[in-house]
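Morning, everyone. Please have a look at the model on the screen, and then I'll walk you through it.

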Amino acid sequence: MASEAHGAETGGLVFHPMDQFIVKPLFGGDTIEWYTITNVTLWMAIAVLAVIAMMVLGTSRRAMIPSRSQSVGELAYGFVYKMVEDVAGKDALKFFPYIMTLFMFIVFANFLGLIPMSFTTTSHFAVTVVLALLVFLTVTIVGFVKNGVGFLGLFWVSSAPLALRPILAVIELISYFVRPVSHSIRLAGNVMAGHAVIKVFAGFAAIAVVSPVSVVAITAMYGLEVLVAFIQAYVFTILTCVYLKDALHPSH
Amino acid sequence: MATETHEAAEHAAEAAQAAHEAAASAPGMPQLDFTNWGNQIFWLLVTLVVIYFVLSRIALPRIAAVLAERQGTITNDIAKAEELKAKAVEAEEAYNKALAEARAEAQRIAAETKAAMQAELDAATAKADADIAVKLTESEKAIGEIRASALDSIKDVANDTAAEIIAALGSEADAKTVDAAVAARIKG
């Protein structure tokens, strides 16, 4: 009824690109308490089930010659394992399950979000900010535990001229604290923007003359979004590895 | 919800929605509706913990074990294949060696046989030559004898013939004169 009223105001065209991101309680009720089962809960649960299906059920046969599903699980394992090893170094491998968790959650949340009528959990800053803050806190704590005060050497560029070092230290410090901001907004922003654009194109489909163009545009955007869904998960993960490398080896 | 009204005001297009208090109150961006952050964060943490435990306790050790096992099998198979290859090379060398030895042996035997046959042949040839030489001398001797006896016979025949001719001519001639004359004629 809200959309009808809205549609009437804008003369036929109905644009609700942001409605898909509304958090709703699944079982009625107006208020959302922290424990309320919402569409967020549902789609996160589906993501968990998808992860279990791929990584646990798919590999349950432990075959020497892998089946297709087991190959996919092994591929995901190898992809993230190699990324952690190559980017963050061998001593970062004990964080591999943690990074794998982040990657699997983001990649499945992104792809599940591409299912029509679904809810994209990674399009919410509440989610990505927590993910980014978890990484930020982990990296900072690991950095200080591993290197003690030496971790502050990350901000003291010893290869720069002495006069420049305090200025660089300020810049480095700011960039360090901006990391969780860019880390989280990059992911949520990309996912949200793509979904909103698809919805806008879908709104144009209401006009018969424009609708073929609209459908083509939606198809193209959808293809792009499939790419973005994976790339953003990859970017988030590889940046986590880069930050972890800084924590383990703070020298420039 | 009331605190979000300024957000809604910025997004004029969605302002109408904010007016509908009955629906889930959505400001311009539902992402900036901080009332549901607690809910999302709670469920996110639950999700992450579940995924983390599933991965770290079940999935990742299992995949690591499968990959390690496969790597081990591949390494073993490669080692086995290399061993078999080395064995094959060894067998081939042994075969070639045996072949070369057999060939050398055959050549040696052939050469020996050839030498023995040559020696026998030489001996036989020498013996034959000697026999031939003996036979030749004997023959020459026999021929000489025959020739001498033939000469004598010729002389006798000539003498007889001469004596007969002389007798036929009606004159007498003593044997000595006829002999001398015939001998002179035969020589001359």
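Predicted model: local features only at pLDDT ≥ 70, side-chain atom pairs only at ≥ 80, totals over all residues.

The axes of α6(A) and α7(A) cross at roughly 175°. They come within 9 Å. So α6(A) and α7(A) run roughly antiparallel to each other. What kinds of residues make up their contact? There are 16 nonpolar, seven polar and four charged.

Next, the largest nonpolar core. It holds 63 residues. Touching the most other members are A:M55, A:M100, A:M104, A:F105, A:L131 and B:L55. Helices from both chains supply at least two residues each, among them α2 (39-57) and α4 (96-112) of chain A, and α3 (37-169) of chain B. Which helix gives the most? That is α4(A), with 12 residues.

Stay with B:L55 for a moment. Leaving aside neighbours within four places in sequence, B:L55 contacts A:V51, A:M55, A:M100, A:T101 and A:M104 in chain A. In chain B, it contacts B:L60 and B:P61. There is also a second, separate core, of nine residues. Its members include A:F125, A:A126, A:M192 and B:M29.

Last, the interface. Chain B brings 43 residues to the contact, and chain A brings 55. How much area is buried between them? About 4300 Å², with 74% from carbon and sulfur atoms. On the chain B side, B:Q31, B:Q40 and B:R62 lose the most area to chain A. Together they make up 15% of what that side buries.

Notes
Residues numbered from 1 in each chain as written. Chains lettered and ligands numbered in written order. Heavy atoms only, no water. Core = buried A, V, L, I, M, F, W, Y, C linked by side-chain atoms within 4.5 Å. Buried < 20%, exposed > 50% of the residue type's maximum accessible area, 1.4 Å probe, protein only. Helix = DSSP H or I, 4+ residues; strand = E, 2+ residues; numbered from the N terminus. Contact = heavy atoms within 4.5 Å. Axes fitted to C-alpha atoms, helices over the stretch in contact; angles between N-to-C directions. Parallel < 35°, antiparallel > 145°, perpendicular 65-115°, else oblique. Nonpolar A, V, L, I, M, F, W, Y, C, P; charged D, E, K, R; others polar. Buried area = accessible area lost by both parts, 1.4 Å probe.
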